[in-house]
Amino acid sequence: MAQQEEEEDGLVYTLEEALTSVGIGKFQYMALCYAGLGFIAEAAETQILSFIGPALRSQWALSPTQESLMTTIVFVGMLIGAIFWGFISDTYGRRKGLLSVAIVTAVSAALSAFSPNYSLLLVVRMLVGFGVGGRPIYGSWFFEFVPSQNRGMWTTICIGFWTIGTILEAFLALMIMPRMGWRWLLALSSIPSFAALLLFVFTVESPRYLCVIGRTNDACDILKKIAVVNKAQLPPGKLVSSQLTKELLSPGKNKISSVKSGFSSLLVLLSPALRRNTLLLWVVYTGNAFSYYGIVLLTSLFSSGRCQRSSIALHTNDDQSLYTNVLINSLAEIPGILLSAILVEKVGRKFTMALMYALYFLFLLPLLAPQLPALTTALLFGARAFIMGSSITVCVYCEEIYPTSIRSTGMGVATSAGRTGAMLSPIFAVQLVRGCHQMTAIISFEAVLVLSAVSVMLFSLETKGRELIDTLVL
């Protein structure tokens, strides 16, 4: 009766008002942990090959090219998967995307442990990459449950689970590889993917996605469940789809497009309203991946203390030292995550990224010339913290700049663009440093950094505190 009276009085509320009313509570904490599994799984599956590579090279008599191909093939799978799963999520819903990603990743990751030869291992590792390429869906799903005033900080924390994954994987390698071998490491590293699959039954569809496709009543039912879990109340009245048309990316225009699906979403990303920011995001994602993996590689290369013009491997430490070094260096990302989580809500997304780039530039600059080992380690430690902070912040910005109807596709394509930077990075880091061209390598990374920073400054708007757009204004 009360609800009927409210509706008769014409009281309505939007999804953003509903999320603000229920606030951050137990539901968001549980959603955060589930979404975090996706980031942990991706980190584990991308980091693991640096640990098992030496063992496989010895057991199967692999050439350096064959060993490198195992890593490259995963990135190729991720490049394809990021785009594909974005389409699936925007077309069929976030939950169906989450379930599909979890099944593909868990099954292929487990099969990796039973690979009888190199060729089959390449195939299943590409499938693993294809699966974890859907990681942006986890971020989009969680992101759409968070009110605007907390969005930047909580999304940053969610993406920060990647670092937890790298630390856990290094620790697992340290414990498992010397005692049980690479097959057990592959098997145990699939646990996060299986956990995501088993816990899927507790997830709910994004109410924002449901509103976009016209299922407002279903969205309201989910919001009521969230309110119960958080021990909060929804605003009085009836939920309505906001259908925001104000100031998307082309102020002054007022026509709303229909929800795009399938491959047409890619064309929407390059529509006049979105083209500028889309192209700039591709540049920034590529630059961030190039810089991040470059720092990871430089840390390993500089730890050898010398350059080589021959094809002899640079690693002089034993395997256990490798696991320990990766574990310690992964801790460098934590300060960057914490700093970005604070700054995104204080000074905004664009300024946070610009500041992180500036600090990264300053920390890398002294490495134009060889430095003492301790100083080199400290400089790379700081650089890794700030490039991680920038990478997380641009993910927040990307989630906010795209409408709900194409959000996962936009994130997927941008992430896919970043994979090209990850694949190009070894060419500059490994080959130049091994060839005793340290200055040229550092100049290359600094140049890419400047290009990324300029692209950030050219973004058309600041998204801090801005209400999300559900459909595209054309």
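A residue counts as exposed when its relative accessible area is over 50%. Lys231 has 79% relative accessibility, so Lys231 is exposed. In this predicted model, Lys231 sits in the loop between α13 (216–229) and β2 (238–239). Its phi is near 55°, a positive value in a residue other than glycine.

Another loop joins α11 (191–198) and α12 (207–212), and Leu199 lies there. Leu199 is partly exposed, at 38% relative accessible area. With Leu198, Val201 and Phe202, Leu199 makes a nonpolar surface patch of about 470 Å².

Now the salt bridges. The count comes to 12. One of them joins Arg208 to Glu16, with the closest N and O atoms 3.0 Å apart. Arg208 belongs to helix α12 and Glu16 to helix α2 (residues 15–22), so the pair ties together parts 192 residues apart in sequence. Arg208 is buried at 2%. Glu16 is buried at 7%.

Glu42 and Arg135 form a salt bridge too, at 2.6 Å from N to O. This pair links helix α3 (residues 26–60) with helix α7 (residues 135–143), across 93 residues. Glu42 is buried at 1% relative accessible area, and Arg135 is buried at 11%.

Arg407 meets Glu144 in a salt bridge of 2.7 Å, N to O. Arg407 is in helix α20 (residues 407–434) and Glu144 in the loop between α7 and α8 (151–159), so parts 263 residues apart are tied together. Arg407 is buried at 0%, and Glu144 is buried at 0%. Asp90 and Arg94 join Glu144 and Arg407 in a network of salt bridges.

Last, a helix pair. The axes of α18 (residues 349–364) and α21 (residues 438–457) come within 10 Å and cross at roughly 165°. The two helices are therefore roughly antiparallel. Their crossing is left-handed.

Methods
Residues are numbered from 1 along each chain as its sequence is written. This is a predicted model: local features need pLDDT of at least 70, side-chain atom pairs count only at pLDDT 80 or more; totals for chains, interfaces and linings use all residues. Side-chain values use heavy atoms; hydrogens and water are left out. Patches are made of residues with over 30% relative accessible area and no salt bridge: like charges are joined within 9 Å, nonpolar side chains (Val, Leu, Ile, Met, Phe, Trp, Tyr) within 5 Å. Accessible areas come from the Shrake-Rupley method with a 1.4 Å probe; for residues, only the protein chains shown count as cover. A salt bridge is a side-chain nitrogen of Lys or Arg within 4 Å of a carboxyl oxygen of Asp or Glu. Helices (H or I, at least four residues) and strands (E, at least two) are DSSP runs, numbered from the N terminus. Buried means under 20% relative accessible area, exposed over 50%, partly exposed in between (1.4 Å probe, protein chains only). Axes are lines fitted to C-alpha atoms, for helices over the stretch in contact, and angles run from 0 to 180 degrees between N-to-C directions. Angles under 35 degrees count as roughly parallel, over 145 as roughly antiparallel, 65 to 115 as roughly perpendicular and the rest as oblique. A crossing is left-handed if the near helix is turned anticlockwise from the far one by less than a right angle, and right-handed if clockwise.
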